[in-house]
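Subject: Handover of a structure and summary of findings

Dear colleague,

Please find below the structure that I am handing over to you.

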Amino acid sequence: MNPSRDGGISRRAFVKAAVAIGGTAALSACMGREQPTLPTGPDDPASLPDRQHAWNDSLRTDDHGNDVPPRHHVFAQFDYEGTPTPSAREAVESALRSVERAYPHSHEGLLLTVGYSPAYFDRFDADLPDSVDLLAPQALAPFEDPALDTADVGVHIASDYGSVVLGVEEALRGERDELNGVSVSAFPDSLSHTERRTGFIGEGLPAENQDVGGIPDSEPVPEDAPLYMGFESGFAKSQASEDSVTITDGPFAGGTTQQVSKIRLNLQQWYEQDDRFHRVATMFCPAHAEEGTVEGTGENLGDSNQMEAHGCPAHASDDADSGVVGHAQKSARAREDGEPLILRRDFDSTDDDQATVHFLSLQEQISDFVTTRSMMNGTDLAEEGAVGQRTNNGILQYMTVVRRGNYFVPPRAHRALPEPDPT
């Protein structure tokens with residue numbers, strides 16, 4: 001049910017709007033709509049995974065075994081003044097443990113990571129160990145000119161309940177001292193909030209929130225689509241495993257790196273001019289369009305986008321010569337021993353009243369994301385084939401990267417304002 005058609009607003013759309021607005025009033029309104037009954041979280045922090053990014057065992061899975069991401073997300077950024085002190089580290093860890101005691105470590109409760117940018121580590125005399133590949137963010141295509149994030153800290157907060165996401169954000173900012181009946185504490189004053197990004201993913205949410213810039217007025221987003229572009233994403237066999245994106249050596253073994261790009265969508269042509277055949281060909285692969293592989297949003301594909309089954313990566317150059325190459329087809333070229341290099345945890349957004357994707361990925365090294373992005377760009381295919389640098393070259397022409405940031409997500413034991421060498 002779309003609120004722009006029935007004159008009302010559904011609970012899901014209301015909660016999404018509250019998360020986007022943020023603040024105490026939005027939290028109160030959100031809690032009035034959701035009223036979740038949740039157990040509290042663990043008293044013993046040792047019961048939580050050593051890896052901050054170990055979410056998959058706490059997610060739902062669909063009928064095909066694909067992990068289903070939490071529905072609501074906030075990515076909050078903070079700056080730290082000066083060089084971290086032992087008391088500041090203690091305050092940060094105390095705040096994080098307090099919110100984790102308030103909710104279970106699950107998709108219905110709270111899933112959270114804390115990452116640190118190259119700018120954060122610039123304040124120290126020592127360098128990060130060689131086992132941590134934290135490149136500075138940069139433009140990664142000839143047609144890109146993103147603003148580069150310089151915030152010191154990025155906190156990713158996720159839950160099926162918007163009231164949980166908002167409550168945790170407000171608690172860390174010192175605006176709330178109790179969550180789910182548990183006393184909580186705030187980050188120290190030395191951590192100042194700089195920006196928040198919000199979003200959602202899941203069946204029905206994009207359709208209910210398509211009255212924004214970048215989406216045609218005809219309300220074309222399918223009712224059952226989990227993302228604005230109308231297709232399923234996050235197929236299990238198209239995702240790197242948590243093990244493969246985890247740093248295995250050095251003092252930060254158990255950590256990972258995180259890349260966050262803010263991408264504007266312009267789907268006017270996608271829905272108003274391009275036909276279904278073209279959308280499938282450019283999102284997946286021309287073979288998928290020709291053979292009718294994708295039904296509806298693509299749920300019929302199961303746990304794989306079936307790139308290898310149709311030989312799509314191998315004939316990307318031939319397809320480019322014919323005038324169209326697919327997004328998934330190009331990205332599938334970036335694999336190691338047949339496995340993807342990145343684990344996607346992206347979500348859609350209406351930030352700034354524009355259709356947006358916050359493309360958040362985890363990888364062992366930032367260079368793994370750079371490699372994947374290079375394949376997705378298809379610059380080699382544009383130079384040698386009949387596709388343009390963006391036109392008919394996957395879905396590039398519908399997307400504009402406006403911001404990018406890179407972060408190191410330490411293992412849980414070092415997540416509170418880490419030094420570059422904790423030994």
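How many nonpolar, polar and charged residues does the lining of the largest pocket have? That lining has twelve nonpolar, eleven polar and twelve charged residues, where Ala, Val, Leu, Ile, Met, Phe, Trp, Tyr, Cys and Pro count as nonpolar, Asp, Glu, Lys and Arg as charged, and the others, Gly among them, as polar.

Please note that the model is predicted: local features need pLDDT of at least 70 and side-chain atom pairs count only at pLDDT 80 or more, while totals for chains, interfaces and linings use all residues. Residues are numbered from 1 along each chain as its sequence is written, and side-chain values use heavy atoms, with hydrogens and water left out.

Pocket and cavities

Rolling a probe the size of a water molecule over the atoms shows where empty space is left. Here the search uses a 1 Å grid over the protein atoms alone: a cavity is a set of points where a 1.4 Å probe fits but cannot get out, a pocket is an open set with protein on both sides within 12 Å along at least five of seven lines, and lining residues have an atom within 4 Å of a point. Grid points are joined across faces, edges and corners, and a volume is the space filled by probe spheres set on the points.

The largest pocket has a volume of about 820 Å³. Of its 35 lining residues, Asp 62, Asp 67, Val 68, Pro 69 and Ser 233 lie nearest its centre.

There are five cavities of 30 Å³ or more in the structure. The largest cavity holds about 710 Å³ of space. Its lining comprises 38 residues, and those nearest its centre are Ser 233, His 327, Ser 331, Arg 344 and Phe 359. By class, 21 of the lining residues are nonpolar, ten polar and seven charged. Helix α13 (366-377) is among the elements that supply at least two residues, and α13 gives the most, with four. Helices and strands are DSSP runs numbered from the N terminus (helices: H or I, at least four residues; strands: E, at least two).

The second largest cavity has a volume of about 70 Å³. Its lining includes Pro 42, Tyr 103, His 105 and Arg 412, and it divides into seven nonpolar, one polar and two charged residues.

Helix packing

Angles run from 0 to 180 degrees between N-to-C directions, and axes are lines fitted to C-alpha atoms, for helices over the stretch in contact. Helix α3 (residues 24-34) packs with helix α6 (residues 162-172) at an angle of about 150°, their axes being 9 Å apart. The two are therefore roughly antiparallel (under 35 degrees counts as roughly parallel, over 145 as roughly antiparallel, 65 to 115 as roughly perpendicular and the rest as oblique). The crossing of α3 and α6 is left-handed, that is, the near helix is turned anticlockwise from the far one by less than a right angle, whereas clockwise would be right-handed. Their contact (heavy atoms within 4.5 Å) involves residues including Leu 27 and Met 31 in α3 and Leu 166 in α6.

Helix α2 (residues 11-21) and α3 pack at about 160°, with axes 9 Å apart. This makes α2 roughly antiparallel to α3, and their crossing is left-handed.

Helix α4 (residues 86-102) and α6 pack at about 155°, with axes 10 Å apart. The crossing of α4 and α6 is right-handed. Ala 95, Leu 96 and Val 99 in α4 meet Val 168, Ala 171 and Leu 172 in α6; this contact has six nonpolar, no polar and no charged residues.

Yours sincerely
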